[in-house]
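Hello,

Please find the structure below. My notes on it follow.

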Amino acid sequence: MLSVQEGWNVRKTMLLLAASSAAFLLLLLFLGFWLSNDNLRLSVARNLPPSWEHPFGTDWLGRDMFTRTIKGLRLSLSVGALASVISVVVAIVMGTCAAVFGKAADAVISWIIDLFIGMPHLVFMILICFIAGGGIYGIVLGISLTHWTALARVVRSEVLQVKNAEYIQISRSCGKSAWYIARRHIWPAIFPQILIGFLLMFPHVILHEAALTFLGFGLSPQTPAIGIILSEAMSHISTGKWWLVVFPGLLLVVVIKSFDSIGERIRILLEPASSHE
Amino acid sequence: MAKSIAIRLVRVATLLIGLSILTFSLIHLSPMDPVNAYIGGDTSASPEQIEKFKQYWGVDKSPVEQYLSWAGSLLQGNFGTSLLYRSPVLDIIQSRFLTSLALMGAAWLLSGGIGYSLGVIAAVHRGKLIDRIIKWYSYTLVSTPIFWMGLILLIVFAVWLKWFPVGLAVPAGVLESEVRFIDRVHHFALPALTLSILGVANVAMHTREKMIDILNSEYIVFAKARGESKWQIFKNHGFRNSILPAISLQFAYFGELFGGSMLAEQVFAYPGLGSTLTTAGLKGDLPLMVGIILVSSLFVFAGNLIADILNKVVDPRMKGAV
């Protein structure tokens with residue numbers, strides 16, 4: 001009989017996996033604050049391959065690559081968080097407006113969404129970065145203005161579904177204001193979708209942040225951003241310093257995958273019916 | 001059917017107009033002066049040149065008039081003059097577009113073919129080891145930055161194995177006329193491979209889903225009951241129903257493809273449209289940037305339009321539903 005396994009089920013496995021991914025990310029974040037900037041000073045220990053003292057090796061200026069990578073990831077995570085929050089807010093506003101304010105607003109907003117989807121994202125981000133005059137500000141603005149579209153569509157269709165539900169019509173006939181209905185009825189109903197959208201947006205945002213800094217937009221070369229580390233390492237590839245490229249990138253992939261896995265698991269937990277897809 | 005295509009064309013046209021308005025207003029809203037931005041820090045610009053820029057942008061007129069005059073000159077093919085290369089923007093774009101197109105086209109075909117096959121294989125062997133490997137591979141690829149993948153390929157194939165050169169589209173120091181076709185392919189292989197490796201994931205996963213749906217349908221059960229082999233089922237039923245969505249997905253993928261090619265071109269120092277845009281953006285060459293942005297968006301809109309038409313019009317079951 002299966003009674004032995006009682007108390008342990010797929011749901012708990014999912015929770016455990018999501019929690020361990022989250023713990024891993026928190027550990028990285030903690031390391032980012034804990035590691036001292038002293039490791040980034042120039043030293044004589046140049047171009048060392050990975051060792052116990054320097055797990056990711058050192059670069060051509062003697063800086064510890066592990067510290068640089070962790071600090072770079074901390075920057076990516078904070079930029080990613082900020083940009084995702086802004087995108088989610090834009091998506092909620094746009095999606096709700098499209099669903100609530102009638103056909104004309106819907107048509108206009110879906111046209112705007114088409115416009116933003118039609119442009120190659122990276123190209124548009126470069127334009128915004130350039131116009132905002134570079135810096136973190138430009139990157140955050142560029143990323144948040146390009147990532148809201150898919151979630152806005154989801155919000156729109158969710159709101160459309162909820163909007164005509166009976167409890168909302170009753171609430172309306174009780175004389176509640178549109179704002180009250182949006183705040184107390186509609187947003188709580190679509191919150192799971194928004195949470196999932198936010199979590200699944202994160203990996204994209206971090207990837208694009210890394211791509212932008214890799215191309216050289218926004219941040220000064222001294223900033224430890226993951227893209228900058230990789231683009232600097234690019235010029236040292238031909239001399240065989242593979243560790244400058246392999247480890248920072250690998251850690252970035254692991255971070256992005258962890259976010260993806262947290263998002264996926266939480267999606268499955270919130271919508272158990274979709275777990276068999 | 002013609003009507004629905006016409007509606008879509010009109011929509012694309014309005015989107016292009018919207019895009020030009022958006023680009024224009026972004027530039028207009030930014031705190032910098034377009035004339036200054038055009039001239040850059042270049043003090044050698046003569047007063048006549050400055051006057052020409054002012055005329056091109058119509059600085060003294062209202063924003064709407066400025067936009068109209070700018071859009072008018074765009075329509076006449078006057079994209080302005082690049083600051084970096086000192087030649088008309090359109091000429092630069094023309095010369096770079098083909099190099100980029102070759103790269104993107106090769107990657108597009110390769111990733112489409114491989115992705116489709118992987119998707120089909122995964123769906124047919126659903127739940128088995130090979131399916132899990134393909135799924136894991138695709139999900140991991142989605143989280144992989146394309147430029148890192150490029151760098152890894154560069155380390156392995158160019159630095160360690162020395163199979164391929166480290167960069168550029170042609171060998172350095174060789175005259176254009178003496179470049180052999182094989183050299184071009186040699187320089188082109190790694191960037192194209194990088195682009196295709198990552199493009200595979202999207203098609204593979206969608207084809208897998210689609211194929212699983214098809215394999216669960218009743219006509220497949222009936223085909224199995226008639227004694228068709230796996231290959232016959234795929235040839236007679238699976239292929240026809242799954243190839244069109246895969247193709248239209250590939251067309252809708254143009255935007256990602258262009259972004260990817262920008263990164264791949266940067267890694268491999270491949271002189272295409274993408275790396276030109278990066279240089280233009282970094283050096284502040286606004287006319288060239290705007291030109292490439294508009295051309296690349298046109299390219300992506302065209303891809304989306306084709307995907308739309310394939311989705312809605314070519315599939316006979318959709319004919320009534322447009």
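Chain B has 13 helices and zero strands, where helices (H or I, at least four residues) and strands (E, at least two) are DSSP runs numbered from the N terminus. This is a predicted model, in which local features need pLDDT of at least 70, side-chain atom pairs count only at pLDDT 80 or more, and totals for chains, interfaces and linings use all residues. Residues are numbered from 1 along each chain as its sequence is written, and chains are lettered from A and ligands numbered from 1 in the order in which they are written.

Of the 322 residues in chain B, 37% are buried (20 or more other C-beta atoms within 10 Å of the residue's own, with C-beta atoms placed from the backbone).

The contact between the chains takes 35 residues from chain A and 38 from chain B; two residues are in contact if their C-beta atoms, placed from the backbone, lie within 7 Å. On chain B, the elements giving two or more residues to the side that touches chain A are H1 (2-29), H7 (146-160), H11 (254-268), H12 (273-283) and H13 (286-314).

Leaving aside neighbours within four places in sequence, B:Met289 is in contact with A:Leu127, A:Phe130, B:Leu277, B:Ala280 and B:Gly281.

Helix H5 (residues 89-124) of chain B packs with H12(B) at an angle of about 130°, their axes 8 Å apart. Axes are lines fitted to C-alpha atoms, for helices over the stretch in contact, and angles run from 0 to 180 degrees between N-to-C directions. H5(B) and H12(B) are therefore oblique to each other (angles under 35 degrees count as roughly parallel, over 145 as roughly antiparallel, 65 to 115 as roughly perpendicular and the rest as oblique). H5(B) contributes B:Ile92, B:Ile93, B:Arg96, B:Phe97 and B:Ser100 to this contact, and H12(B) contributes B:Leu273, B:Gly274 and B:Thr276.

Regards

Definitions and conventions:
A residue is buried if 20 or more other C-beta atoms lie within 10 Å of its own, exposed if 12 or fewer, and partly exposed in between; C-beta atoms are placed from the backbone.
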